Each structure stands twice: as C-alpha cells, then as structure tokens.
Amino acid sequence: MPKVTQQHMDARRKQILDAARRCFLRDGFHSTSMQDLFAEAQLSAGAVYRHFTSKDEMILAIAEENMRDVLDITLAVAANRQGRSMGEAVAELLDVIRVKSAEEDVAGLAVLVWGEAMRNPSLARELDRLMGGIRANLVTLVRDHQENGGLPVEVTAEAIASTMLSILPGYILQVALFDPAVVAGVPEAVRALWPGPADR
C-alpha cells in the first residue's frame, strides 16, 4: 500500500476544516452533526476521524487557524519595533481580519467560537492562550512607546495593551454583522489615533 504523504494529509485536513466552516456558519455548532460534516466534506467517517476525533477538535483547530495570522503579525511587530506606531500595529491586525473575513468569513466564525467558549472550557482555555500570546507581543510594543515618551507611564503596559486589544472584538463583531462600508475607515482611524512611532 503506498505511503500517504504529509502533503496529502495536510490537504485532507484542510478539506475537512473547510467543510466544517461551511457547516458551522450555515447551521451553527450544535445543529451540525458529525454525519453532516462527513457529507459536506464528501469523506467517509474513517477519513474524518483519522484527523479529528470530535466536533470540538475541529472547533479548536478553526479557532487556532483564525488567530494564527494575527498572532504572527504581533510577533513580527514585537521583534521589529523600530518606527512602528501603536496605531500602525493595531491597524495591521484589523486589515488582516478584514481580508480573511472576505475570503473565509473569519469574523462570523469568531463570533460563533466566542459563544461556544462560554460553555466549552477547553475552547475557552485555548482562546485565552492565543489571546495571551497576542497581548504579550503588544505589551512589548507598548513598553517601547512608554520608554520613548509616546505613551503614558502611569498606566501599566499590560493595561494599555489589553485596552488596544479590546478594539479587535468590536471590529470583528461589526465585520460579521454589518455592511463592510460601516467599518471601512476603522484601520485608518486607529492609525490617526495613535500616530507616534517608537523610535529607538
């Protein structure tokens, strides 16, 4: 029997997750059965279970994929901070969310995941871990701005980073629910609100 390549395994995993996204967006998590997922992916139960043992595993995988680009951007910003304003960093996150939402309805899935996390402790822990990574990277950038006089020092870097991170859920919710024109100017507004670079 020929050996299954990693490329084939990755493609099959993507096929399953793409099907799961369509089902979850159409019917919600609880109304989607594993049988629905098998049918949507056009795969046997065995083929799906080889990658995911439950819907919860799929939901966790989708949540992680949705946030990976955001986490990667904050990591890159934290590693290469010279001349990067806080507004630019946050606006870049918003731009990624907008693009990914147009391609994969990331915003709609995020809202579903948040609701599910209220009753699913393992999902809540995973979201906390992912958001913690994003927050830690923003804290690094905030400290640069505080050291260079761009942000107040009487408030902790952690509190400022958490405040700026609070913009993301509101933006995501509006992208999910409203016409794109409603939030079209938000990234530029964020750049204008926090224009100062962290010169080193």
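**Figure 1. Overall view of the predicted model.** Of the 200 residues of the protein, 40% count as buried. The coordinates come from a predicted model. The protein has 10 helices and zero strands, so its pattern along the sequence reads α-α-α-α-α-α-α-α-α-α. Taken along the principal axes, the C-alpha atoms fill a box of roughly 60 × 40 × 30 Å. The protein exposes about 10,700 Å², and carbon and sulfur atoms supply 55% of that area. Among contacts between residues at least 6 apart in sequence, 71% join residues at least 24 apart.

**Figure 2. Phe24 and Met58 in the largest nonpolar core.** The largest nonpolar core of the protein has 54 residues. Phe24 and Met58 are the residues with the most contacts inside this core. In soluble globular proteins, nonpolar side chains tend to be buried together. Which residues does Phe24 touch, leaving aside its neighbours within four places in sequence? Phe24 is in contact with Phe29, Thr32, Leu37, Lys55, Met58, Ile59, Ile62, Leu109 and Leu112.

**Figure 3. The largest pocket and its lining.** About 410 Å³ of space lies in the largest pocket. The pocket is lined by 20 residues, and those closest to its centre are Met67, Trp114, Leu127, Met131 and Ile172. Five helices each supply at least two residues of the lining: α4 (55-79), α5 (86-104), α6 (106-117), α7 (121-147) and α9 (167-177). Which helix gives the most to this lining? The answer is α7, with six residues. By class, the lining divides into 16 nonpolar residues, one polar residue and three charged residues.

**Figure 4. The second largest pocket and its lining.** The second largest pocket has a volume of about 200 Å³. Two or more residues of its lining come from each of α1 (6-27), α4 and α5. The largest share belongs to α1, which gives six residues. The residues in the lining are Asp10, Arg13, Lys14, Leu17, Asp18, Arg21, Glu65, Asn66, Arg68, Asp69, Lys100 and Glu104. How many of the lining residues are nonpolar, polar and charged? The lining has one nonpolar, one polar and 10 charged residues. For the largest pocket, the corresponding counts are 16 nonpolar, one polar and three charged.

**Figure 5. Gln42 in a loop between two helices.** Gln42 is placed in the loop between α2 (34-41) and α3 (45-49). Phi of Gln42 is near 60°, which is a positive value in a residue other than glycine. Most residues other than glycine have a negative phi. Is Gln42 buried or exposed? Gln42 has a relative accessible area of 71%, and because exposed means over 50%, Gln42 counts as exposed.

**Figure 6. Asp105 in the loop between α5 and α6.** The loop between α5 and α6 holds Asp105. The phi of Asp105 is near 50°, again a positive value in a residue other than glycine. The relative accessible area of Asp105 is 32%. Buried means under 20% and exposed means over 50%, so Asp105 is partly exposed.

Note on methods: Residues numbered from 1 in each chain as written. Predicted model: local features only at pLDDT ≥ 70, side-chain atom pairs only at ≥ 80, totals over all residues. Heavy atoms only, no water. Core = buried A, V, L, I, M, F, W, Y, C linked by side-chain atoms within 4.5 Å. Buried < 20%, exposed > 50% of the residue type's maximum accessible area, 1.4 Å probe, protein only. Contact = heavy atoms within 4.5 Å. 1 Å grid on protein atoms, 1.4 Å probe; cavity = no way out; pocket = protein on both sides within 12 Å on 5 of 7 lines; lining within 4 Å. Points joined across faces, edges and corners; volume = space filled by probe spheres on them. Helix = DSSP H or I, 4+ residues; strand = E, 2+ residues; numbered from the N terminus. Nonpolar A, V, L, I, M, F, W, Y, C, P; charged D, E, K, R; others polar. Areas by Shrake-Rupley, 256 points an atom, 1.4 Å probe, with all protein chains shown as cover.
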